[in-house]
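My entries follow the order in which I looked.

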There are 2 protein chains.
Amino acid sequence: MASENGMTRREELLAVATKLFAARGYHGTRMDDVADVVGLNKATVYHYYASKSLILFDIYRRAAENTLEAVHDDPSWTAREALYQYTVRLLTNIAENPEGAAVYFQEAPYITEWFTEEQVAEVREKETQVYEHVHGLIDRGIASGEFFECDTHVVALGYIGMTLGAYRWLRPDGRRTAKEIAAEFSTALLRGLIRDETVRVESPLGMPDVAGAAKKAPA
Amino acid sequence: MASENGMTRREELLAVATKLFAARGYHGTRMDDVADVVGLNKATVYHYYASKSLILFDIYRRAAENTLEAVHDDPSWTAREALYQYTVRLLTNIAENPEGAAVYFQEAPYITEWFTEEQVAEVREKETQVYEHVHGLIDRGIASGEFFECDTHVVALGYIGMTLGAYRWLRPDGRRTAKEIAAEFSTALLRGLIRDETVRVESPLGMPDVAGAAKKAPA
C-alpha cells in the first residue's frame with residue numbers, strides 16, 4: 001500500500017528510522033520512537049520489520065548496494081575517466097541520501113553487536129568489493145603508464161575516505177552539486193595542486209629527503 | 001598518584017574510557033563498566049570525573065588540542081611544505097591514539113545531547129580553526145601561483161576527510177608508518193596521479209566537457 005507521497009509503508013518506515021538513527025544513533029532510538037514518528041502502532045511496525053536490527057540491516061544493505069552500483073567499471077574508460085565516474089556516482093548517491101550514509105558510518109564500529117555473523121559477513125564482503133574497485137582502477141592506471149607509481153593501498157583508502165567522508169557535509173541543496181564536487185575531487189587527485197611541472201615531479205613535498213621517501217618507501 | 005605504567009589514575013581512567021567508548025559507543029558504556037575495567041570503585045571514578053560526559057569532553061578537548069597543534073603553520077614554508085607538515089603531524093597524532101580519534105568522530109553527531117552549549121561551542125570553534133588552516137594554506141598556494149585554482153572550500157573539506165578519516169585504519173604497528181602514509185597522501189594531492197603533462201593540465205578527467213566544469217564551475 002502506497003502512502004500520500006508515493007512511498008510504501010515499509011519505505012516510509014525505513015526513511016523515518018534512517019533519520020532517527022542518524023540523529024540519535026541506533027542505540028538511542030527505540031522502536032516506539034519510530035512508530036510514533038511514522039504514526040503507526042508498534043505491532044504494525046513489527047509486521048514490517050521483526051526487529052530494530054533488521055531495519056538497520058536494510059539501511060546497510062541498500063547503502064552498500066548503491067555504492068557497489070556506483071563503482072561499476074567500464075574497461076573502455078581510461079583510469080582517470082573511471083576514477084571520475086566513481087566519484088560522480090558515489091557523491092550523487094550520498095547527496096540523495098546523506099542520512100543513510102551517516103547511519104552506515106556512525107554505526108559501523110558496533111555492527112557486530114547488532115548483526116548476525118552472516119549479516120556482518122555480507123557487509124564486509126561489499127566493503128571489500130568497493131575497496132578493490134578503487135584499488136584496481138588505480139593499479140590499472142599505473143600498469144598502463146597513465147598514473148605515477150604510488151602505494152595503491154594507501155591512496156585507495158585515502159580517496160575512499162575523501163569521497164565517502166563527504167556524507168558529513170554534502171547536502172542535496174548545497175552551494176555546489178554533487179557532480180561539481182566530484183569534478184573538484186577527481187581533478188585535485190588526478191591533476192594535483194602543483195602547477196610547475198619540474199617542482200611537481202621532482203619535489204612535490206618541497207623537501208628532497210621526503211620526496212624520495214614518497215616515491216619508493218621501504219615496506 | 002602514578003600507577004605502575006607511569007600514568008596518573010586520571011590518565012589511566014581516561015585511557016580506559018576512551019577504549020570502551022570507541023568499542024561500545026558512549027551511549028553503550030556505563031560508568032560502572034569504566035570502574036570495573038580500571039579496577040576502581042564508582043565513587044573513586046566520580047572523584048576524578050563528576051559525570052560520564054566530562055570524560056567525553058576531556059577526550060574531545062585533548063583530540064582537538066592535538067589537532068590544532070598539528071595545524072600550526074610556518075610562514076617560511078611553501079604551501080606544499082605546509083600541506084605535507086600538516087599531514088605528517090595529523091597522521092602521527094592519529095596513529096598514537098586511534099581510539100581517541102574514533103570516539104571523536106563516532107560521537108560527533110550526538111554531542112549536543114551530552115555537552116553543554118559552552119562545550120559544544122568550544123568544540124565547534126576548534127573545528128573551524130582546523131578547517132580554516134587547511135583552507136588558508138591552499139589559498140596561500142593559489143595566491144602565490146604555486147597551486148592551480150580550485151574550489152578551496154571543497155578541496156579543504158575533501159582533504160580533511162582523507163586525512164582525519166584515516167583513524168578507521170591507521171594503526172601504530174601498521175605496515176607503513178604515519179610519516180610514510182603522510183608522504184603518500186600529500187604526494188597524491190600535490191603531484192596528482194596523472195603523469196602526462198598535457199593530459200594532466202588539459203583533460204584530467206578524460207572528458208573535455210567536465211574538465212572545463214572543474215576549472216571554473218558556476219557557483
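**Entry 1. The model**

I am working from a predicted model. I keep that in mind for every distance below.

**Entry 2. The interface of chain B and chain A**

I began with the contact count. I find 66 residues of chain B in contact with 66 residues of chain A. The area buried between the two chains is about 6400 Å². Carbon and sulfur atoms give 61% of that area.

Which three residues supply more of chain B's buried area than any other three? I get B:R191, B:L193 and B:R195. Together they supply 13% of the area that chain B buries against chain A.

Next I looked at polar pairing across the interface. The rule finds 28 residue pairs in polar contact between chain B and chain A, both residues at pLDDT 80 or more. I then asked which elements of chain B give two or more residues to the side that touches chain A. They are α1 (9-24), α5 (79-96), α6 (98-107), α9 (152-164), α10 (178-191), α11 (197-202) and α12 (208-215). The largest share comes from α10(B), with 12 residues. By residue class, this side of chain B divides into 33 nonpolar, 14 polar and 19 charged.

**Entry 3. Salt bridges across the interface**

How many salt bridges cross between chain B and chain A? The rule finds 6. I looked up A:R176 with B:D151, whose side chains meet in a salt bridge at 2.2 Å, N to O.

A:R176 also has a partner in chain A. A polar contact of 3.0 Å joins its side chain to that of A:E180. I place A:E180 in helix α10 (residues 178-191) of chain A. Is A:E180 buried or exposed? A:E180 counts as buried, at 18% relative accessibility.

**Entry 4. B:R191**

I came back to B:R191, one of the three residues named in Entry 2. B:R191 sits in helix α10 of chain B. Its relative accessibility is 7%, so I log B:R191 as buried. What does its side chain face in chain A? A polar atom of the B:R191 side chain lies 3.5 Å from the backbone oxygen of A:E149.

I also checked B:R191 against B:R80. The two are 111 residues apart in sequence. In space they are 9.8 Å apart, C-alpha to C-alpha.

**Entry 5. Annotated regions of chain A**

I turned to the UniProt record, an unreviewed entry. In the model, the chain over residues 7-67 is 77% helix and 0% strand. The end C-alpha atoms of that stretch are 22 Å apart.

The unreviewed entry also lists a "DNA-binding region" at residues 30-49 of chain A. Here I get 75% helix and 0% strand. The end C-alpha atoms of residues 30-49 are 13 Å apart.

**Entry 6. Salt bridges in the whole structure**

A search of the whole structure gives 40 salt bridges over all chains.

A:R24 is partly exposed, at 36% relative accessible area. A:D33 counts as buried, at 11%.

B:R30 is partly exposed, with a relative accessible area of 49%. B:D33 is at 10% and counts as buried.

My last pair is B:K126 with B:E122. The closest N and O atoms of this salt bridge are 3.0 Å apart. Where do the two residues lie? Both are in helix α8 (residues 117-143) of chain B. They are 4 residues apart, about one turn of the helix. B:K126 counts as buried, at 13% relative accessibility. B:E122 is partly exposed, at 25% relative accessible area.

Terms used:
Residues numbered from 1 in each chain as written. Chains lettered and ligands numbered in written order. Predicted model: local features only at pLDDT ≥ 70, side-chain atom pairs only at ≥ 80, totals over all residues. Heavy atoms only, no water. Contact = heavy atoms within 4.5 Å. Buried area = accessible area lost by both parts, 1.4 Å probe. Salt bridge = Lys/Arg side-chain N within 4 Å of Asp/Glu carboxyl O. Polar contact = N/O pair within 3.5 Å; in protein donor to acceptor, adjacent residues only side chain to side chain. Nonpolar A, V, L, I, M, F, W, Y, C, P; charged D, E, K, R; others polar. UniProt positions renumbered as here; feature names shortened; annotations may be inferred. Buried < 20%, exposed > 50% of the residue type's maximum accessible area, 1.4 Å probe, protein only.
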